[in-house]
Amino acid sequence: MEGLESLMDQLNPAQRAAVSHGMEPLLIVAGAGTGKTATLVHRVAWLIAQGIDPSRILLLTFTRRAAAEMVQRAGALIARLGDTKNAASRVWGGTFHATANRLLRQFGRRIELPQDFTILDQGDAEDLMNLVRTEIVGRQKHTRFPRKGACLAIYSRCVNARMQLGDVLANDYPWCVDWEEQLAELFDLYVRRKQESNALDYDDLLLYWNAALKDQEVGGRIRGLFDCVLVDEYQDTNLLQAEIIYQLSPDGRGLTVVGDDAQSIYRFRAATVENIFDFPKRYPNTTIVALEQNYRSSQAILSAANAVIAQAARRYRKELWSHRTEGCRPRFVACADEHGQSNYVVETILERREAGVELRQQAVLFRASHHSLVLEAELARRNIPFRKYGGLRFVEMAHIKDLLAFLRLAENPRDLAAGMRMLTLLPGVGPVQARKLLAMLDSGGGFSAWSKHRPAPATRSWWSDLVDLMRRLTLGKDPLPVQVHATREYYAPLVDLLYDNPMARKKDLEQMEVVAGQYGNRQRMLVDLALDPPTATQEPASRPHLDEEYLVLSTIHSAKGLEWDTVLVIHAADGNIPADMATRNEEEIEEELRLFYVALTRAKNQLHVCCPLRYHFRTGADPHSYGQRTRFLPDGILKMFDVLAFGEEQERRAGEENCSDRNVSRQVRQGLRRFWNAGKSGRTSRR
DNA sequence: CTGACTCGTGTTTTT
DNA sequence: CACGAGTCAG
């Protein structure tokens with residue numbers, strides 16, 4: 001057994017100060033790679049060693065994976081101090097939304113929230129919004145009203161940024177200002193329908209949590225649960241979340257937040273870097289600890305990253321430094337086109353692997369999910385295993401959402417979005433019929449009410465089996481995998497009718513059955529899939545092959561907090577980084593700069609930034625336009641990179657060797673179709 | 001009322 | 001190019 005002191009052995013003075021800080025409010029400003037996670041982990045362990053009951057510690061993180069990892073590491077630390085009861089596992093850890101869910105199931109009834117609510121993920125919420133939207137737009141044809149996605153985004157920003165509709169429109173959606181009145185009406189109706197549906201969307205989870213905290217009695221009880229609250233990635237919280245934190249600990253006692261103002265990249269989700277700047281104002285006795293020694297990257301990489309972030313109009317407090325003087329300069333690679341870029345990536349990673357760096361220690365990062373399609377095809381062709389993070393996920397595919405709609409409706413027959421989705425799958429049933437059928441359920445008696453229904457001829461052969469299925473699911477006697485199996489048997493023939501590529505989709509449905517095997521209970525599965533879906537794209541949760549070799553492909557957003565030996569940033573062309581869509585105002589551009597900074601600081605030893613000179617923005621007729629190097633690497637900063645042209649010559653040679661460019665482009669086309677096609681939920685992707 | 005068809009438009013990041 | 005809205009036949 002070791003002493004408390006040895007806990008601190010590995011830490012530098014700043015980290016130690018943070019770890020052993022008392023109960024006064026603490027703000028840790030931790031630059032990229034400065035051992036932020038280690039510090040937080042040590043602090044949790046230190047608090048427990050001080051005698052804090054671990055079940056009275058709340059650790060809020062950005063993903064559940066991050067929470068689980070920290071809790072596990074803290075557990076390992078206190079085990080060294082002689083803890084045998086695995087006390088750390090009793091820490092409350094998770095995302096804001098998952099924690100809200102847990103608390104609301106427990107305390108919701110006291111604020112008149114039923115405990116059996118279901119959760120709408122973004123796609124479900126959009127579907128519901130669309131339903132309401134047609135009610136409003138139906139009255140005034142021939143007008144261009146914002147789409148469902150835009151409507152939900154506006155609504156969500158109002159909630160999360162705690163702003164009035166008018167201000168949100170003026171600031172972020174100027175092209176929608178003319179619709180303010182209708183949008184207000186729409187949102188009012190949306191909220192009503194949501195309540196009737198006994199469903200909460202992502203925003204509601206936070207909103208109700210906050211409301212519960214404001215309630216005299218319930219608020220006190222929730223506050224009374226925790227002695228310490230620790231918040232990771234504080235720069236990516238929004239105003240509503242900051243308010244929740246404030247309600248949890250109004251005087252800041254036991255409150256620790258960790259963040260890096262230079263890595264705030266979730267503005268589109270109403271996150272505001274002001275939270276981190278305002279923290280000391282809100283809690284006047286705050287201690288600020290800055291972590292500036294970087295342990296991750298070589299100095300050459302760090303200097304380049306520092307130069308990039310120094311372009312920000314906003315001044316950040318830190319200048320990161322590293323003892324690691326070894327290592328090569330970062331490289332900027334101008335590639336002829338996208339295929340050249342893919343070839344460069346493949347050659348580089350294979351070279352690195354020869355040098356002893358496993359594929360898993362290498363990552364390719366990009367701004368938008370579809371930026372990797374060409375590379376994916378190339379990797380597939382060369383049999384290089386990879387795993388992709390970010391972008392369209394398993395549970396977001398239309399056929400998976402369909403399958404889940406059956407289960408959701410069984411769980412909550414008032415769930416309008418699920419019901420509409422499920423019923424309109426049937427031939428001959430459209431929105432009008434579906435609404436009527438759902439209304440029949442309100443009068444009680446469950447799905448038996450449907451057995452009296454005389455369906456249209458086209459629907460007839462589907463009807464009685466559906467009623468049987470739904471009654472069976474409602475009984476809930478079958479184990480979950482059996483329920484999923486029964487649903488799949490019913491639904492699979494519809495896949496042939498509704499979608500292209502039915503074979504692949506049916507394979508995914510089988511996977512769903514495997515996923516179901518990991519959950520004992522239907523509600524838990526539905527909640528989990530909504531709040532914490534499997535992160536890797538196209539592959540469901542069930543892969544125990546942890547030591548498998550694979551290259552990581554990731555959006556920059558999904559790469560947050562992670563690190564690799566070798567990082568290749570692709571498509572570093574203006575228009576992609578910064579993204580065209582995000583250059584409307586200075587704030588957006590500044591966030592793109594921080595995003596680029598996040599990408600660069602993921603690298604430990606090697607950093608390659610690639611820019612294809614020719615790039616097809618669209619898949620349409622005139623595919624090529626000329627890409628300019630990202631504005632974030634002006635000449636002065638480019639001097640810190642080794643600049644390389646990955647020329648036509650290598651590319652031609654590579655092309656001849658492999659001579660199956662057509663094959664690759666076919667794969668890309670398929671990938672592209674799958675990307676756009678399967679993703680959008682709802683009937684849109686149906687034939 | 002549903003579903004097949006045509007035509008204009010817009011295309012990121014995620015809990 | 002494919003979504004989503006609008007049109008029209010059954």
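User: How many nonpolar residues does the surface near DNA strand B have, by class?

Analyst: This is a predicted model, where local features need pLDDT of at least 70, side-chain atom pairs count only at pLDDT 80 or more, and totals for chains, interfaces and linings use all residues. Residues are numbered from 1 along each chain as its sequence is written, while chains are lettered from A and ligands numbered from 1 in the order in which they are written. Ala, Val, Leu, Ile, Met, Phe, Trp, Tyr, Cys and Pro count as nonpolar, Asp, Glu, Lys and Arg as charged, and the others, Gly among them, as polar. Near DNA strand B, 13 residues are polar and two are charged, and the nonpolar ones number 12.

User: Which helix gives the largest share of the surface near DNA strand B?

Analyst: A residue is near a strand if its C-beta atom, placed from the backbone, lies within 6 Å of it. By that rule 27 residues surround DNA strand B, and the closest are S369, G390, G430, V432 and Q433. Helices are DSSP runs (H or I, at least four residues), numbered from the N terminus. The largest share is three residues, and it comes from helix α19 (residues 431-442).

User: How are α6 and α9 placed to each other?

Analyst: Helix α6 (residues 122-137) and helix α9 (residues 180-196) pack with axes 9 Å apart, at an angle of about 130°. Axes are lines fitted to C-alpha atoms, for helices over the stretch in contact, and angles run from 0 to 180 degrees between N-to-C directions. Angles under 35 degrees count as roughly parallel, over 145 as roughly antiparallel, 65 to 115 as roughly perpendicular and the rest as oblique. So α6 and α9 are oblique.

User: Which residues of α20 meet α17?

Analyst: Helix α17 (residues 398-411) and helix α20 (residues 457-475) have axes that come within 9 Å and cross at roughly 60°. Two residues are in contact if their C-beta atoms, placed from the backbone, lie within 7 Å. This contact has five nonpolar, one polar and no charged residues. From α17 come F406, L407 and A410; from α20 come M470, L473 and T474.

User: Is P146 buried or exposed?

Analyst: P146 sits in the loop between α6 and α7 (148-160). It touches C151, C176 and W179, not counting residues up to four places away in sequence. A residue is buried if 20 or more other C-beta atoms lie within 10 Å of its own, exposed if 12 or fewer, and partly exposed in between, with C-beta atoms placed from the backbone. P146 has 20 such atoms within 10 Å, so P146 is buried.

Definitions and conventions
Helices (H or I, at least four residues) and strands (E, at least two) are DSSP runs, numbered from the N terminus.
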